[in-house]
Amino acid sequence: MMIDRKFWKNKRVMVTGHTGFKGGWLTVILNLLGSNIYGYALSPKGKNSFYKHTNIKKIFNKDIKHDIRDYSHLKKKIKEFRPEIIIHLAAQSSVIESFKDPRNTVSTNIIGTYNLLESVKNQKSVKSLLIITTDKVYQNYEQSRYFDENSKLGGDDMYSGSKACCEILINSFNKSFFQKSNCNIATVRAGNCFGGGDWTEDRITKDALENFYANKTLILRSPSANRPWQHVMEALSGYLIFAIKLKKNHKLHGQAFNFGPNNSSNFKVINLVNLMNIYWKNVSWKIVKKEKFYESGLLKLNSSKAKKLLGWKSILNFRECTKLVAVWYKEYYNNRKNAYELSLSQIQNYQKLLKKRL
């Protein structure tokens, strides 16, 4: 299924977490589709961010920098924006950071989600609320099996645990307050999305390409970690397709969907680095055991539900995804290409590819 441009044109869409990497790519796509976009998030951290380098602040109808844990302010802004669709991405999304600051992780992810649900509860303009959690909500015993939407929830790190709690909280809100509501709510689970312009701390692509550009040696902490690598455009296309279906079909209310890559896209971190070597010559790396944080070594998603009910599937293989990421950074760093235009070009080319492969 293709993304319906007619549906999104002039739609009032609120994106929480728009200053983050994933939220930034989403707003570029929504702007291309002609939506009226309202952003709500903290200011991006650090000197580098997708938000800053693409200068996307100019494409928002309203661009609010505020903490989602402030319930009164959030509720006021939702009432002011009158969004028809809300896509909730605002979160503390780093596993490593969740060990360093568990309080912030728990309060942002759980209380922030609660505040949004409570704000939407009596707001009649909102017809669909899509809440982004993570593929790490599943209790992962690192067996060679794929997690589907009915797999057991859990989490052995604070980030995963906080997101699993969000899933339970959302279900409780649905059952308690949204059974007769005009607003349909659902969650989506995806992870290990990578793409150009991701300067999030402790991300392998960010660390790798910054070091390659500076001719420095990359430090690898978990070279054997097996991940379902997926380009950010793949997951976002699924979210947008689902958001349309969710608004129109009450049977999808309260459901969760996985959006994972093809089964052949599970590779180790070292495989990713080796493949980047094709596009960045003479790179070097070494394996160093840093401060020990728990991270799952194996994670696989079953996305057959999204394929069956939404007509969505991942169309890019691991090599194609890695090439898109490596080329984006190479064009930005070496050829000084405009970050927004780079991203827009990749989105347009991806949409053309969707027509051929779906």
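Here, a residue counts as buried when its relative accessible area is under 20%. Keep that cut-off handy for these exercises on a predicted model.

**Exercise 1. Work out how covered helix H9 is, and whether its length agrees with its residue count.**

Step 1: Find H9 at residues 232–248.
Step 2: Now for the length. At 1.5 Å a residue, H9 should span 24 Å, and its end C-alpha atoms sit 25 Å apart, which agrees.

**Exercise 2. Describe how H9 packs against H13.**

Step 1: Locate the partner, H13, at residues 339–357.
Step 2: Look at the geometry: the two helices pack at an angle of about 65°, with axes 11 Å apart, and the crossing is right-handed.
Step 3: Pick out who touches whom. H9 brings Met233, Glu234 and Ser237, while H13 brings Gln346, Ile347 and Tyr350.
Step 4: Sort that contact by class, and you get three nonpolar, two polar and one charged residues.

**Exercise 3. Which element gives the most to the largest nonpolar core, and what does Phe242 touch?**

Step 1: Start with the core itself, which has 79 residues; Trp8, Phe242 and Phe259 have the most contacts inside it.
Step 2: H9 gives the most to this core, with eleven residues.
Step 3: Zoom in on Phe242. Skipping neighbours within four places in sequence, its contacts include Leu130, Val188, Phe257, Phe259 and Leu310.
Step 4: Apart from this core lies another one, of 22 residues, among them Tyr38, Ile78, Ile86 and Cys166.

Technical notes. Residues are numbered from 1 along each chain as its sequence is written. This is a predicted model: local features need pLDDT of at least 70, side-chain atom pairs count only at pLDDT 80 or more; totals for chains, interfaces and linings use all residues. Side-chain values use heavy atoms; hydrogens and water are left out. Axes are lines fitted to C-alpha atoms, for helices over the stretch in contact, and angles run from 0 to 180 degrees between N-to-C directions. Helices (H or I, at least four residues) and strands (E, at least two) are DSSP runs, numbered from the N terminus. A crossing is left-handed if the near helix is turned anticlockwise from the far one by less than a right angle, and right-handed if clockwise. Contact means heavy atoms within 4.5 Å. Ala, Val, Leu, Ile, Met, Phe, Trp, Tyr, Cys and Pro count as nonpolar, Asp, Glu, Lys and Arg as charged, and the others, Gly among them, as polar. The expected span of a helix is 1.5 Å times one less than its number of residues. Buried means under 20% relative accessible area, exposed over 50%, partly exposed in between (1.4 Å probe, protein chains only). A nonpolar core is a set of buried Ala, Val, Leu, Ile, Met, Phe, Trp, Tyr and Cys residues joined through side-chain atoms within 4.5 Å.
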